[in-house]
Structure formats: C-alpha cells, structure tokens
Amino acid sequence: MGWDFCFAFREADSVWKEQRKLFYEYFRPDRARQYSDAQRTETHAFLRRLLNSPQDFLEHTHHLFGSALTKLVYGIAVKESKDPYVEVAEEAVAGLSKAIHPGKYLVDIFPALKHIPVWMPGAGFRKTGIYFAALNEKLVKAPFEAAEASIAKGEMVESIVADMVSKLSSDPVLRAEQRKMEMHVAATAYAAGADTTVAAVQTFFLLMAMHPEVQKRAQAELDTFLGVDPDRLPDFSDRGTLPYIEALVSELLRWNLVVPASIPHASVEDDLYEEYFIPKGTLIIANVWTLSRDPIMYPEPDKFIPERFLKNGVINNNIRDPRTLIFGFGRRICPGRH
Ligand code: HEM
C-alpha cells in the first residue's frame with residue numbers, strides 16, 4: 001500500500017532511527033510548547049464553526065486537525081471544505097485503518113502471495129495495494145512540493161518543512177537523500193497525527209451526548225474558574241485549575257482507546273520471558289485494551305467515570321494515567337504524544 005514511507009511501519013533499522021530523530025526535533029516537549037499559539041488560533045476557529053453549524057461537528061473535528069497539521073508541517077492553509085490535501089490524507093488513513101488488522105488479508109500469513117498477478121482470481125488485495133500506493137504517493141509528494149514552490153517564491157512564512165528545507169546540504173547527492181527523508185518525515189507527522197487526534201475529540205462528543213450529567217459538571221467547573229471574566233476562553237495555562245476536566249480527558253482516553261492494540265511489533269531476536277520462549281520474528285501485540293480494563297485499577301471499567309481519577313477534588317496520582325498506556329511503550333513510544 002506504499003506505507004513504507006512512514007517510519008511507524010518500519011523495523012528499527014538505521015532509516016527508522018534517522019527519521020525518528022528528525023521527527024523528534026520538531027515534536028519534542030519544548031518544541032511542541034511553541035505550537036500553542038497556532039493551536040489556540042485553530043481551536044478558536046473550530047469553536048466558531050461549531051457555533052455556526054453544530055450539526056457538522058464531525059466534519060469540523062476533521063477540519064480542525066487536518067488544518068492544524070497542514071499549517072504546522074507544510075505552512076499551507078487548507079480550504080474550509082473538500083480540501084484536496086485533507087481528502088487524500090483521510091482516504092489514505094481510512095484505507096490503512098481497514099488493512100492494518102493482522103490477518104485481514106491472506107497475504108499477511110502467506111507473504112509469497114504478494115507475487116501473484118493482479119488479474120488472477122483472489123488478487124483483489126493487490127489492486128487495493130496498487131490503488132493506495134498511488135494515493136500515498138500523492139499524500140507524500142503533493143503538499144511537500146507545494147510548500148517548496150511557496151518557499152521558492154518567498155511566500156512561506158513558517159513551517160516545519162520550511163525549516164527542514166533551509167538546512168538541506170549543498171551537495172546534490174546528499175541533498176536528494178535528505179529531501180526524500182524530509183518528505184517522508186513530514187508526511188508521517190501528518191498521517192500519524194491527523195486521525196488519532198480526531199478520534200479522541202470525536203469520542204468527547206459521543207461521551208458528552210451519553211453523559212449529560214458529566215457535561216454539566218465540567219461546564220460548572222469552567223464557569224467557576226472563568227466566571228470572573230465571562231468573555232475569556234480557557235487556555236493552556238488554566239489546565240492546573242480544572243481538575244474535573246483533566247479527569248474527564250483521562251477517562252475519555254482510557255474508555256475509548258484510539259489504538260486499542262497499539263501497533264504490532266516483532267521480536268528482533270530469540271528471547272525468553274518467564275516460561276515463554278519467543279522466537280525471533282514473532283508478532284507481538286500489546287493488549288492495551290485489557291490494561292485499560294483492569295478492574296483493580298479501574299473498578300467497573302466499562303463505565304465512564306471521570307471521578308475515578310480524583311481524590312478530594314484533585315488528580316489522584318495513585319490511579320494509573322492512561323497516557324502511560326495509549327501511546328505505546330519503549331523505543332517505539334508515540335513521538336507525537338507531547
Ligand atoms: C491521541 C493521539 C495519539 C495516540 C493515541 C497515538 C498513539 C500511538 C501509538 C499507540 C503508537 C505505536 C507505539 C508503539 O509502537 O509502541 C504511535 C506511534 C506513532 N505516533 Fe502516535 N498517537 C497519537 C498522536 C500522534 C500525533 C499527533 C503524531 C504526530 C504529530 C503521532 C506520531 C506518531 C509516530 C510518528 C509514530 C511511530 C513511532 C515509531 O514507530 O517509532 N502520533 N502513536
């Protein structure tokens with residue numbers, strides 16, 4: 001399907017290492033904090049859209065993150081609706097979400113099948129692959145080339161790609177290699193960041209519709225803290241003073257995991273874990289879903305109860321923060337989590 005541009009799906013080789021390092025430069029905690037102004041601007045625009053046409057909340061949520069990431073990564077302002085960059089990315093990621101389940105296609109179990117001709121009966125998966133590979137090529141190239149053109153004309157204000165391109169080597173061979181890596185890392189940020197965040201925020205709408213009493217309590221907390229100035233909107237600096245909303249977000253992330261089986265891994269060498277022998281190449285799936293449903297840590301785990309994260313009105317640090325589960329673990333932990 002042409003997802004090999006995205007380092008989330010690479011084995012931990014030298015290319016993965018280099019790409020992850022470059023990605024980290026732009027998404028490490030101190031860098032992520034510099035994006036607050038842009039996030040605030042996008043969020044306020046989202047709130048205005050929501051106020052004008054609340055019935056389109058699902059579309060507005062897609063637009064919020066599609067727009068925020070396209071601006072941040074490529075410096076491109078997307079169209080209000082049917083933006084070509086956002087549409088391509090959404091279709092590509094939707095295709096991935098369907099295909100990523102291990103065993104979805106027989107070729108996952110018998111890799112040799114990838115060589116069967118496209119015209120043969122049962123080769124539908126190859127046509128799917130070819131279709132998405134072409135789409136992914138667009139996803140990777142189109143916004144990057146548009147950003148380059150705008151940089152060349154001196155129109156680009158600020159973006160991750162503008163910064164990357166400014167550091168390209170003058171040596172043509174090295175430059176071509178670096179450019180390809182930058183193109184891949186930029187597209188990875190977009191592809192890995194847009195749908196995950198959308199899913200989390202859409203879950204918020206679902207949960208507020210299911211639990212109006214939680215919404216009322218959250219609203220009351222906001223009103224109490226912001227009441228002195230009714231025109232002010234909550235901001236990043238208010239987070240510490242809104243424990244119920246903080247607990248609500250934690251419970252939301254626990255209740256509906258965005259990536260319930262994380263991304264499957266594979267052992268790089270033979271290993272022993274307690275009485276288990278794990279041969280090299282074994283597919284390992286971290287069952288994050290089960291961890292999020294641990295009835296000892298989270299009694300009545302299927303219920304949505306923000307209060308479980310609170311004690312005497314403040315966040316209870318003895319309850320496991322789901323953020324320690326939902327972004328994966330170890331060297332492959334989500335580098336976009338900040
Ligand atoms: C609610 C939001 C998000 C969730 C729940 C989430 C979750 C995850 C998970 C479970 C993994 C796999 C970790 C593993 O293999 O152990 C992952 C990997 C990754 N995520 Fe996220 N993610 C989110 C947002 C983002 C954002 C906003 C970005 C980019 C700006 C991003 C970029 C990545 C990348 C590049 C990887 C691959 C890391 C690697 O293989 O080395 N993610 N994410």
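The model is a predicted one, in which local features need pLDDT of at least 70 and side-chain atom pairs count only at pLDDT 80 or more, while totals for chains, interfaces and linings use all residues. Residues are numbered from 1 along each chain as its sequence is written, and side-chain values use heavy atoms, with hydrogens and water left out.

The chain is assigned domain 1 (1–195) and domain 2 (211–338), with bounds that come from an automatic or database domain assignment. The centres of the two domains, taken over C-alpha atoms, are 25 Å apart. To the contact (heavy atoms within 4.5 Å) domain 1 contributes 19 residues and domain 2 contributes 13 residues. Between them the domains bury about 1400 Å², of which 64% is on carbon and sulfur atoms; buried area is the accessible area (1.4 Å probe) lost by two parts on being put together, summed over both.

Across this interface 1 salt bridge is found, a term that requires a side-chain nitrogen of Lys or Arg within 4 Å of a carboxyl oxygen of Asp or Glu. Helix 1 (14–27), helix 2 (29–33) and helix 3 (36–52) each supply at least two residues to the side of domain 1 that touches domain 2, and helix 3 gives the most, with 5 residues.

Methods:
Helices (H or I, at least four residues) and strands (E, at least two) are DSSP runs, numbered from the N terminus.
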